[in-house]
Every structure is written in C-alpha cells, then in structure tokens.
Amino acid sequence: MSPKQIPMSAVDRAWLRMDTPENPMMICGILALDRPISINRLKRTLEERFLCFDRFRQRVVDHGDKAYWQEDPLFHLDNHLHQIALPGKADKAELQRLASDLNSTSLDFRRPLWQMHYVDNYEGGSALVVRIHHCIADGISLVRVMLSLTDKTPEVKLKRVSSKPQARRKPASTLQSALHRLVDSAQVARDQARLFIQSARKEPNYPIKLAATAGSVAMDLLKLGLAPFEPKTGLKSPLSGRKQVSWGEPLDLDEVKACAKALGGTINDALLCATTGALQRHFAAHNETIPECGIRVAVPFNLRPLNQPIETLGNQFGMVLVTLPVEVQDPIMCFRQVQENMNRLKRSYQAQVTYSLLDLFGRGPDILERRALDLLSNKASAVLTNVPGPRNALYLAGSKLTQPMFWVPQSGTIGIGISIFSYAGTVQFGITVDKAIHADPQAVMDYFRESFQALSHAALAGRHGGHERKAG
C-alpha cells in the first residue's frame with residue numbers, strides 16, 4: 001500500500017515551480033555557535049523539535065498538473081544531516097565559500113526538501129548551515145522553526161530518541177508559546193472577507209466602502225502590471241546560477257533605534273535607508289550612472305495572524321515593490337523619501353494582490369507562471385527581507401548562538417538577495433549575489449555599515465531640523 005498523498009496548496013506549488021538552475025528556491029541559514037557540539041545531541045534535538053513537523057519527513061510527488069506531499073518510506077536523518085570540517089584557517093572566508101557553494105546547489109527532489117551541514121571547526125566554535133525549500137514554508141515561519149531548536153540556557157534535558165520510526169506529533173507545549181501558527185490561507189482569506197463584510201454592513205455607507213476597497217485592489221493590481229521595468233544597471237545581468245554569500249559585522253540595535261527615533265521613523269525605515277546608501281556607494285565604486293528614478297527591491301510582507309503557535313507549515317505572504325531612492329545623496333532626505341514610500345505601501349493592497357497572483361499561478365499551467373514570473377522579476381533589482389528575531393541570546397545543543405543569518409531565494413531574473421535579521425541586541429545583515437553580477441558582496445556589506453553610520457551621525461547631529469515625530 002502506497003503512502004498517503006496530501007495535496008499541496010496552490011501557493012506552495014507556485015514556489016515549487018519557481019525552482020530553476022539559476023535560482024534554486026531554497027531558504028538558507030547559518031547558525032554560528034561559540035563552541036563545538038555533540039553530533040548525537042544535535043540529532044536528538046532535531047528528532048524532538050524539527051521532525052515533529054510532518055513536512056520534514058515528506059517528499060514532493062509532482063504529477064504535472066498537481067503536486068502532493070508524501071511520507072518518504074526511506075526517510076533517515078543521516079540523509080539530511082552531514083558533519084563536515086572547513087579547510088585552511090576555518091575562518092569566515094572559508095565558511096562563506098561553503099555557504100556560497102551550498103546556496104548554488106539544488107536539493108535532492110527524491111527526498112524531503114531540506115538539508116543541514118554541521119561544521120565542527122568554525123573559528124574555535126562550530127556552525128550549522130541549513131537549506132530548506134521554499135515550497136515547505138516561507139522565511140518567517142522557517143526562521144521560527146529553526147529558533148525552536150534553541151533554548152534560553154545551555155543545559156536542557158532532551159528525551160532519549162528511539163531508533164524506530166517515530167509517530168508524528170505536535171511541537172512540545174513548552175515551545176508553543178514562542179511560535180506562531182500557520183493557518184490555511186484560503187480559510188484566512190474567507191475569514192478576513194467575512195469579517196470585513198460583517199463590519200462594513202453595520203456602516204450606513206457600506207456599499208461605498210465595499211466599492212472603494214474593490215477599486216483600491218484593482219488599482220494596485222493595475223499599478224503592479226503597469227510599473228516600468230527596472231533601469232539597466234550592473235545589478236541586472238543574465239544569471240550564472242553560482243552564488244556568492246557574505247555577511248557583515250552586526251550593528252548595535254540600540255544605535256539603530258536611536259537613529260530612527262531621532263528622525264521620527266521606524267527601525268525598518270532606517271535600515272532601508274542604509275541599504276539605499278550601500279547601493280549608492282556600490283554604483284559610485286563602479287563608476288556607474290545612478291538611475292534618476294531609483295531602483296526597486298521586492299520585500300516579503302507577512303499576511304498570517306501572529307498570535308497563535310505553529311501547527312502546520314506553508315507560505316502565507318505577499319510581495320511589495322519598494323523603491324529605494326538611490327539618486328538622493330543626502331542621508332536625511334533619503335530617509336524621508338524611504339519613509340514616504342513605505343507609508344504609501346502600508347496603505348496599499350499590493351501584498352494581498354501578489355499573494356492572490358501566486359495562488360492563481362499555482363493553479364494554472366506552468367508556462368503561465370513562467371511568463372508572469374519573468375514579467376514581475378524585471379520590476380525589481382533585488383529581494384530584501386527584514387525579520388525581527390529574539391531579543392536575548394539562545395543556545396543550540398548547549399552551545400551559544402553567536403551570529404544567525406538567513407537568506408531567502410531570488411526568483412526569475414533577480415540575482416541579489418539582501419537579508420536583515422535582529423538578534424540579541426544586534427542587527428545582522430547579509431547578502432547573496434549571483435557571480436554574473438559585478439558586485440563585491442563583502443564590499444556591499446561594508447557600504448551598508450558606512451551608510452548607516454552616515455545616517456546616524458546626521459540624525460543625531462540634529463540635521464532633521466525639527467521634523468521629529470513619534471517613532472513607529
């Protein structure tokens with residue numbers, strides 16, 4: 001009797017079909033640890049806290065017109081967890097080379113779509129390199145799943161794991177309060193629509209409100225379709241499929257908060273402004289003309305409720321196109337423009353529109369999705385994610401997590417991914433760049449720090465001229 005097949009949602013199937021040799025659809029992460037850990041203890045941790053999610057024991061069965069999740073009859077943890085050592089100095093440069101190679105290599109579709117490499121000799125400690133396919137879940141939920149492997153203290157007792165196949169079970173109740181539930185996207189859409197209609201009907205001008213909302217959605221869809229292609233810069237080139245990964249020294253989160261507060265904006269505004277400045281410096285270093293209309297980055301926008309624990313995985317987010325005003329040289333003026341752009345997007349339905357498009361593409365023929373993906377990816381130069389992480393330091397299998405970093409994949413013709421992640425009072429930032437794009441990833445990371453320092457100096461020097469507003 002063949003294992004039961006569970007239908008894959010249309011949105012998850014859309015992400016499955018986005019996988020290409022140039023852009024494997026993997027969410028990748030690196031967890032740097034302060035000392036080596038026992039591989040057996042790591043396996044017990046994964047058995048108890050990672051494999052309790054059914055998706056990590058299931059492989060994808062693709063029938064062309066439909067895709068399914070199916071229990072892997074040959075599942076074994078050793079097919080997914082590998083212990084390796086770095087060559088040479090076993091330093092940051094060697095770990096970046098390893099991460100670059102793994103980010104360029106597709107997962108094995110004959111098995112469940114995830115893999116981990118435990119590096120037992122990184123800078124006197126160790127590291128865990130994680131790759132998980134995007135069709136399993138989105139970046140925010142997978143980051144939370146990875147953090148569920150950790151503890152607040154070094155010493156936590158784990159249950160002894162049997163060598164026999166384990167029954168499926170839900171995450172431990174002690175972790176449930178720290179995680180978020182991913183609910184069925186169609187049900188969420190129905191519930192949101194029902195609540196909106198119920199609340200709107202109580203208003204005397206209900207028909208006008210309903211028409212205005214429908215008109216706004218239609219207008220955002222039209223704007224997305226009619227948005228011009230990205231200007232021709234060195235950031236947009238035919239892709240090779242080989243990635244370069246880098247990350248910078250973290251920023252102090254309190255400094256970022258102080259900068260944002262001084263300017264009457266949010267932390268996200270300040271970090272997007274620093275990203276804009278980093279790209280300005282990149283263009284200047286390559287003697288490249290800066291586009292007068294700015295450039296766009298695709299930013300994931302979470303659409304799931306955040307008040308309940310995780311029970312199932314999946315994708316529930318939309319994408320918004322954020323314009324970075326790289327043509328604005330003054331850091332304060334740049335911040336104001338970024339702030340205005342973000343406030344405009346927060347009032348739009350663009351995230352809901354792109355999510356609905358993914359749902360539509362996942363139900364239609366592959367060629368429709370490919371053409372739509374090529375069209376949309378020509379309207380952004382990079383993917384940028386900004387995920388808030390835990391405020392306090394965490395421990396994995398008894399070892400302190402010193403520096404976590406995560407990257408989401410790029411799709412279509414986009415070859416740059418920028419990631420921002422807050423952790424234990426710091427802001428971590430990293431980048432992945434296709435080797436066909438003439439950009440030095442480590443230099444861009446240095447530019448990011450320089451750009452933030454310039455913004456912070458200008459903000460705290462009082463150059464905002466009395467425009468202070470309450471930080472969001």
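Visitor: What are the ground rules here?

Guide: This is a predicted model, where local features need pLDDT of at least 70 and side-chain atom pairs count only at pLDDT 80 or more, while totals for chains, interfaces and linings use all residues. Residues are numbered from 1 along each chain as its sequence is written, and side-chain values use heavy atoms, with hydrogens and water left out.

Visitor: What makes Phe-56 buried?

Guide: Buried means under 20% relative accessible area, exposed over 50%, and partly exposed in between, using a 1.4 Å probe and protein chains only. Phe-56 has a relative accessible area of 0%, so the label is buried. Trp-114 comes out at 2%, so that residue is buried as well.

Visitor: Why is the pair Phe-56 and Trp-114 called edge-to-face?

Guide: Rings of Phe, Tyr and Trp (its six-membered ring) pair if their centres lie within 6.5 Å; planes under 30 degrees apart count as stacked, over 60 as edge-to-face and the rest as tilted. For Phe-56 and Trp-114 the centres are 6.2 Å apart and the planes sit at 80°, so edge-to-face it is. This pair links distant parts of the chain, 58 residues apart: Phe-56 is in the loop between H2 and strand E3 (58-62), Trp-114 in strand E6 (residues 114-122). Helices (H or I, at least four residues) and strands (E, at least two) are DSSP runs, numbered from the N terminus.

Visitor: Which other residues join these two in a cluster?

Guide: Ring pairs tie Phe-50 and Phe-53 in with Phe-56 and Trp-114. Phe-53 and Phe-56 form an edge-to-face pair, 6.2 Å centre to centre with 85° between the planes. The rule gives 7 aromatic pairs in total.

Visitor: Which residues touch the most other members of the largest nonpolar core?

Guide: Phe-50, Phe-56 and Leu-95 do, in a core of 64 residues. A nonpolar core is a set of buried Ala, Val, Leu, Ile, Met, Phe, Trp, Tyr and Cys residues joined through side-chain atoms within 4.5 Å. Strand E2 (residues 26-33) supplies the largest share of this core, 7 residues. Apart from it lies another core, of 50 residues, including Val-320 and Ile-420.

Visitor: How do you know that helix H2 is largely enclosed by the rest of the structure?

Guide: Count the buried residues: 8 of the 11 in H2 (residues 39-49) qualify, so the helix is largely enclosed. Among them are Ile-39, Leu-42 and Leu-46, but also Arg-41 and Glu-47.

Visitor: What makes Ser-38 a cap for H2?

Guide: A polar contact is a pair of N or O atoms within 3.5 Å; within protein, one must be able to donate a hydrogen and the other to accept it, and residues adjacent in sequence count only if both atoms are side-chain atoms. A side-chain oxygen of Ser-38 lies 3.3 Å from the backbone nitrogen of Asn-40, at the N-terminal end of H2.

Visitor: How does the span of H13 compare with the expected one?

Guide: The expected span is 1.5 Å times one less than the number of residues. H13 (residues 441-460) has 20 residues and reaches 29 Å from first C-alpha to last, close to the expected 28 Å.

Visitor: Are Asn-287 and Ala-397 buried or exposed?

Guide: Asn-287 has 73% relative accessibility, so it counts as exposed. Ala-397 has 8%, so it counts as buried. Asn-287 has a positive phi, near 50°, and Ala-397 has a positive phi of about 50°.
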